[in-house]
Amino acid sequence: MRSGELVRLAVDAVNAEDGHELARLLRVGPAAEFARSLEQHLRSTAVDVLEASTRRLDSPWNDVFASHLKSLQCFYNYDLDGAFREQNYKAQYLHQAATSLPRWVLPVIFTINSDLYASAVIGDENLKARGQKPTFLEEAARTMNKAFSVCATDRFSSRDQSRKWGAYYVCNLLMRTYFKLGQINLCTNLLRSIASADLPPIEQYPIAHVVTFKYYLGVLAFFNEDYAKADVELSFALKRCLATGSNMSIINKNRALILNYLIPTRLLAGRVPHHSLLEKYPNLKAVYGVLIDTILSGHLGRFDEVLTQTMQHLVLRGTYLTIERCRSLCFRNLMRRVWLQLDKASRIEIRVVEKVVEVAGAIADRAEIECLLANLIDKGLLKGYMSHEKATLVLSATNAFPAISSLPL
C-alpha cells in the first residue's frame, strides 16, 4: 500500500463520519494492518511527498494523517524519539478538532491516545538505555489530559451523541499512566473531575470501561489502607471481568492483576482464597501460597522467613506493607492453637507464650511479645487483658478469639 491509498480511504471514512474505520486506519503497533502494509513505501518516500499526499483531506485531518505517516516512517527507520514526537502531534491535532465533533470521533480518540501511551513507554525505555532521563510519558500525560477534557466537558452535543461517553476510557488510560509514572497522587484530581463532570450513570457505560475504572478505584483504596472500599471495588471488577471480552488469556491476565490486591485485602479480613483459585494463577501462588499457609498454621517464624524471601516481589507488586500487617493474624492463629491445646484456659502465662513463639521459630523477647499481645487486643483479634503483675494473659470467658471476618477492616 502507498500513502495515497490510505488517504483515499481516510477521505471516505471522514465523509461517512466512521470513527471505527478512521481508528483502524490510524492504528499503530503489532495489530495495525495498514501500518504494516505501508512499511516499504514509507522507508523510501521523502517527508514532503508524504505531507503532500494528505492534502486531499480537510483540516485538521490532513495534519492528523501527515503526523501519522511521519510517525510510522520514524519508527520504521528506528527513530523512536521522532516516532513519539509525531504521535504526540497526531493526538494534539485530533484533540483540537474533536471539540467540534460528536460521539463518532471517540474510537479515534481511544486508539490514538492508547497508541500514544505505548509509544511513550517504548520511547522512554530507549532514552533510559541511552543514559538519558525519560520524559516522553510525562509529555504524553499532558496530551492525554486534553483528551479527557475534550470528552468530559462536552456541553453542546445531545446526550446520545456526547463525547462524555469516552470520559471513563480516557480517565482509565490516564490513571494507568500515572501509576506507570509513580505519580498516583495525581489520580485524586482526576477523580474529582470525574465526579464533577455531570456524566451519564456509570452503569450505562461499556462494561470494560467500568471494570477498569473500578479496578483503579480499588487499588487506590488499597494504597490508602481503606480496605473495606478496596474489597468492594476489586470484588466488582473480578466478578464482571469475564464480561469484558472473549479472549481468555487477556481476561486471565486482568483477573490476576485484580487478585494481586484482592487476595491481601481479604486476608486481612480473614478470608482465605481457595487452593483451586491459586492453582489457576501460578505467579500468584508462588508469591502468596506459602505465606497464606503460614498465616493459617500460625507458624510465625516461617512467616517471617517467607516474608523476607518474597519482599522484593511484594514491593514490586505494591502489597508488601499489607502482607506484613498479616503477621498479627499469624500470631493470633498461633495463640489460638495454644489456647485450644490448653483446653481453652482463661489464663496463659507470658513465659508459656515466650516458649511457644520460640518453638514457632520466631525471635522475640518478652517486651516484643507483650507488644504483640497488646496489638491483638487493640485490634479486637483477641478478647482479654494482660496482668503485668502476674505476667499472665487473661482471656475472656466467651468468644476469646472472635472470627476475623466479623471485625472491621
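Q: Ala, Val, Leu, Ile, Met, Phe, Trp, Tyr, Cys and Pro count as nonpolar, Asp, Glu, Lys and Arg as charged, and the others as polar. By these classes, how do the residues of the lining of the largest pocket divide?
A: The model is predicted. Its largest pocket has a lining of 17 nonpolar, 10 polar and 4 charged residues.

Q: What makes a residue part of the lining, and how many residues line the largest pocket?
A: A lining residue has an atom within 4 Å of a point of the pocket. Two or more lining residues come from each of helix 8 (106-129), helix 10 (167-181), helix 12 (207-223) and helix 14 (248-268). The space in this pocket is about 1,300 Å³.

Q: Why is helix 9 called roughly antiparallel to helix 10?
A: The axes of helix 9 (residues 136-152) and helix 10 cross at roughly 160° and come within 9 Å. Angles over 145 degrees count as roughly antiparallel, so helix 9 is roughly antiparallel to helix 10. Their crossing is left-handed. On the helix 9 side, the contact includes Leu137, Met144 and Phe148; on the helix 10 side, Val170, Leu173 and Lys180 are among the residues involved. The contact of helix 9 with helix 10 comprises 14 nonpolar, 2 polar and 2 charged residues.

Q: How do you know whether helix 12 and helix 13 are roughly parallel or roughly antiparallel?
A: Under 35 degrees would be roughly parallel, over 145 roughly antiparallel. The axes of helix 12 and helix 13 (residues 227-240) cross at roughly 155° and come within 8 Å. The two helices are therefore roughly antiparallel to each other. The crossing of helix 12 and helix 13 is left-handed.

Q: Which residues of helix 12 and helix 13 meet?
A: Contact means heavy atoms within 4.5 Å. Helix 12 contributes residues including Val210, Lys214, Gly218 and Phe222, and helix 13 contributes, among them, Tyr227, Glu233, Phe236 and Arg240. By class, the contact of helix 12 with helix 13 has 13 nonpolar, 1 polar and 4 charged residues.

Q: What makes helix 10 roughly antiparallel to helix 11?
A: Helix 10 and helix 11 (residues 186-195) pack at an angle of about 170°, their axes 10 Å apart. With the cut-off at over 145 degrees, helix 10 is therefore roughly antiparallel to helix 11. In helix 10, Ala167, Tyr168, Cys171, Leu174, Met175, Tyr178 and Phe179 meet Leu186, Cys187, Leu190, Leu191 and Ile194 of helix 11. This contact has 12 nonpolar residues, no polar and no charged.

Technical notes. Residues numbered from 1 in each chain as written. Predicted model: local features only at pLDDT ≥ 70, side-chain atom pairs only at ≥ 80, totals over all residues. Heavy atoms only, no water. 1 Å grid on protein atoms, 1.4 Å probe; cavity = no way out; pocket = protein on both sides within 12 Å on 5 of 7 lines; lining within 4 Å. Points joined across faces, edges and corners; volume = space filled by probe spheres on them. Helix = DSSP H or I, 4+ residues; strand = E, 2+ residues; numbered from the N terminus. Axes fitted to C-alpha atoms, helices over the stretch in contact; angles between N-to-C directions. Parallel < 35°, antiparallel > 145°, perpendicular 65-115°, else oblique. Left-handed = near helix turned anticlockwise from the far one by under 90°.
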